[in-house]
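Please look over the sequence and the model before reading on. The report is meant to be read beside them.

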Amino acid sequence: MNQNTQQTAHILVVEDEAHIAQMIEATLQLGGYTCENCADGAEAVEKIFSGGYDLILLDVMLPGLDGFGVMERVAGLDVPVIFLSAMQQVTDKVRGLQLGAEDYIAKPFEALELLARVEVALRRRGKGRQVLVYRDIQQDLGSHTVTRAGVPVALSPKEFELLRVFLQHQDLALSREKLLALVWGYEFAGETRTVDIHVQRLRQKLGLADKLVTLPRVGYRLEK
Amino acid sequence: MKLWQKIFLGTLALMVCCTSLLTLLFVRASWQTVWDQQLDRALTQQQYLARLIKTGVVSTRLQNGLMMLDADAADTAAVRSASSQLTDEYLLQLGLYRNGQALDAPVEGCTDAMAGAEDNAETAPGTLYEYSRGPEGAVLVCSLPFTAEQHDYRLVCRFSVQAGVDRLAGQSIRLMAVSLAVSLAGAGLLVVVVRTMLRPLHTLSRTARRIAGGDYAQRLELTSGDELAGLAQDMNRLARAVQQRVEQLEHTAESQKTFTANMAHEMKTPLTSILGFADLLQLQKQVPDEQRMRYAGIIVEETRRLRSLSGKLMELLAVENRNLVLTPVDMPELFKEVATAIQPLLTSGQLRLEQFCQPMVVNGDRELLKSLLYNFLDNARKASPAGGKLVLAGRPQNGWAEICIRDYGRGIPAAELDKIRQPFYMVDKSRARKAGGAGLGLALCEQIVRIHGGRFEVDSRVGQGTLITLYLPLAGSGGQEAQGHEE
């Protein structure tokens with residue numbers, strides 16, 4: 001999906017609910033990742049030890065060996081783990097993070113939230129994509145530079161983040177609320193008008209007027 | 001003030017009073033003795049003096065060669081004889097009187113009676129004495145009548161008795177000291193005894209504090225057999241009651257917490273799928289038809305699951321909050337109704353239900369009882385293979401309505417039997433969900449049976465089927481009354 005210069009990350013999804021596993025798989029594929037599913041704790045431990053995964057998405061409530069148990073066994077390996085759980089108690093979250101998990105996502109979650117968290121976890125380990133490419137635009141997340149046909153383009157920090165979100169989610173309908181949440185943060189109480197202004201500036205600076213389309217009553221989409 | 005201090009001080013005061021009183025009585029008695037001795041000694045001395053004076057008078061007469069001395073000569077002789085007596089620390093002064101008149105210097109503290117003024121009266125006083133306090137300390141003045149040469153005289157002497165008084169005082173002080181020492185020693189002993197006897201109280205209060213601090217398993221072991229041991233027994237009973245109550249509360253709180261946590265999980269699981277797939281449908285520009293159908297299918301399925309869950313939850317809540325009205329329910333009739341209600345489900349599963357019931361009436365809530373039998377049969381249906389048979393049978397038995405629900409399906413593993421009544425527990429999660437189960441069926445049944453004052457037993461063998469035996473109190477059996485609502 002993405003014209004990515006680097007190899008895509010391979011993710012192990014440990015989830016016993018078949019439908020949720022399918023949904024996560026579809027979401028991850030949408031984000032350009034490859035993944036493998038596993039419904040059992042003990043089996044997951046074996047798979048993780050055999051290696052080859054860049055990230056583990058681990059459900060807490062599993063039959064037999066639960067997520068915490070799996071985490072305890074694989075804590076020695078340097079594989080980032082994100083917990084997924086319907087249990088919302090702070091103690092569970094704290095326990096998960098104390099065991100060395102990268103993040104803790106509460107169910108239910110939105111597809112883009114999952115992708116954003118996965119992206120962050122991977123980038124923190126240097127495993128995420130460092131360079132995003134769209135046509136003649138190249139965004140280097142490491143050096144924080146954007147070039148268009150080899151010519152550097154100056155972007156404000158928020159414009160840079162917004163561009164990143166669009167490049168990471170090409171061809172997806174992104175609502176203003178989601179953009180606000182992903183770029184400005186969930187606690188940001190700004191107006192969706194802020195999003196419009198920044199999108200406008202991106203269009204001008206990068207010549208995306210006809211590619212970064214407005215979807216009436218929804219938001220924006222970066223067409224491939 | 002502590003109890004031992006109170007006991008100590010009280011007893012000490014009593015002991016001091018007693019010893020003081022005894023000392024006082026003793027001192028008084030010895031006082032009397034000492035005085036008597038003093039008086040005795042004084043009188044002996046005085047009689048001796050009187051005899052000397054008499055001898056002096058007689059020898060004067062003999063020297064003068066007279067047959068008789070006249071009054072004046074006798075007086076002179078007596079006075080001379082008396083004044084020849086030496087006074088000392090004991091005998092302070094002496095003097096002679098005749099008919100109330102001092103023959104020489106009057107003795108200090110001598111009264112008229114002592115001087116012999118009343119000697120001629122009908123009731124002539126004999127020896128007279130009197131104690132008094134003078135500049136020399138305690139003194140004793142004695143007056144002894146005697147006759148010399150047919151003349152009546154009185155010898156009056158003043159003795160110092162200060163030595164006796166001093167001795168008495170010393171004795172008294174020693175006595176007081178001894179009694180005080182005895183009191184103190186007694187008190188010391190008392191402290192030891194009281195503290196030893198009250199030691200169990202420390203154990204009692206320490207244990208009570210520990211129990212109050214949350215260690216409800218703490219028990220007292222006092223074997224003294226006195227009131228304290230009785231108190232310890234009572235405290236043990238108290239602790240036991242508290243412990244039971246706390247455990248009960250903890251158990252209730254725990255099961256409520258588990259219920260809430262399970263419910264949250266059961267609701268969030270379908271929600272996660274629904275939100276995720278809906279999001280995927282909304283995000284993507286183009287979704288292939290095949291994918292769209294699959295996603296939508298899952299959303300529908302998960303939504304149904306949520307609906308089933310909320311329906312069962314509502315039923316459970318309704319049972320808990322229902323204002324129970326018990327009416328006589330004719331069981332054969334109820335069996336027929338339930339059989340009719342479940343028939344469509346049985347037909348689609350190609351199952352056959354055999355039902356028969358002997359005439360009997362149960363006091364109960366008709367709708368709840370119907371729901372109860374329906375749920376049991378529904379479980380039996382879900383466990384049965386296509387073409388199988390279900391049995392629903394009822395008969396009166398010892399005041400109970402005995403109802404059996406039998407299936408010949410896959411059965412429940414023995415290890416799972418004690419868990420199946422827990423809310424949200426499912427022996428096989430994925431299969432239960434496919435069949436639309438929420439894991440609340442048996443919890444609901446248990447609730448209904450409980451408020452009717454009945455019980456049920458589950459007997460199951462893997463691969464052979466399950467037998468549920470349900471007991472409800474028969475109407476008019478007089479034995480088991482339905483217990484109404486929550487106990």
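## Basis

This is a predicted model, in which local features need pLDDT of at least 70 and side-chain atom pairs count only at pLDDT 80 or more, while totals for chains, interfaces and linings use all residues. Residues are numbered from 1 along each chain as its sequence is written, chains are lettered from A and ligands numbered from 1 in the order in which they are written, and side-chain values use heavy atoms, with hydrogens and water left out.

## The five-strand sheet of chain B

Strands of a sheet pair through backbone hydrogen bonds, either parallel or antiparallel. In chain B, five strands make an open sheet with the order β2-β1-β5-β4-β3 and antiparallel pairing. Strands are DSSP runs of E with at least two residues, helices are runs of H or I with at least four residues, and both are numbered from the N terminus. Two strands pair if DSSP finds at least two bridges between them. The edge strands, β2 (101-102) and β3 of chain B, each pair on one side only.

Ten bridges join strand β4 (residues 137-148) of chain B to strand β5 (residues 151-160) of chain B in the antiparallel sense. Leu140(B) is opposite Phe159(B) in β5(B). Helix α4 (residues 162-212) of chain B packs on this sheet and touches β3, β4 and β5 of chain B. The direction of helix α4 makes about 135 degrees with that of β4(B); such angles run from 0 to 180 degrees between N-to-C directions, with axes fitted to C-alpha atoms, for helices over the stretch in contact.

## The three-strand sheet of chain A

Chain A has an open antiparallel sheet of three strands in the order β10-β12-β11. Because β10 (174-175) and β11 (212-215) of chain A each have a single partner strand, one side of each is left without a neighbour in the sheet. β11(A) runs antiparallel to strand β12 (residues 219-222) of chain A, joined by four bridges. Leu212(A) stands opposite Leu222(A) in β12(A).

## Aromatic pairs

Over all chains, a search of the whole structure finds nine aromatic pairs. Rings of Phe, Tyr and Trp (its six-membered ring) pair if their centres lie within 6.5 Å; planes under 30 degrees apart count as stacked, over 60 as edge-to-face and the rest as tilted. Trp35(B) and Tyr131(B) form a tilted pair, with 4.3 Å centre to centre and 45 degrees between the planes. The pair links helix α1 (residues 3-64) of chain B, which holds Trp35(B), to strand β3 (residues 128-134) of chain B, which holds Tyr131(B), 96 residues apart. Trp35(B) is buried at 14% relative accessibility, and Tyr131(B) is partly exposed at 30%. Buried means under 20% relative accessible area, exposed over 50%, and partly exposed in between (1.4 Å probe, protein chains only).

Phe146(B) and Tyr153(B) are stacked, because their ring centres are 5.8 Å apart and their planes at 25 degrees. Phe146(B) is buried at 7% and Tyr153(B) at 2%. Ring pairs also join Trp31(B), Trp35(B), Tyr129(B) and Tyr131(B) into a cluster.

## Charges over rings

Arg41(B) lies over the face of Tyr90(B), 3.7 Å from the ring centre. The charged end of Arg455(B) is over the ring of Tyr471(B), 4.2 Å from its centre. The criterion is NZ of Lys or CZ of Arg within 6 Å of the ring centre and within 35 degrees of the ring normal.

## Arg98(B)

Arg98(B) belongs to strand β1 (residues 91-98) of chain B and counts as buried at 19% relative accessibility. Its side chain makes a polar contact with the side chain of Asp75(B) at 2.6 Å. A polar contact is a pair of N or O atoms within 3.5 Å; within protein, one must be able to donate a hydrogen and the other to accept it, and residues adjacent in sequence count only if both atoms are side-chain atoms. Leaving aside neighbours within four places in sequence, Arg98(B) is in contact (heavy atoms within 4.5 Å) with Ala71(B), Asp75(B), Leu103(B), Asp152(B) and Tyr153(B).
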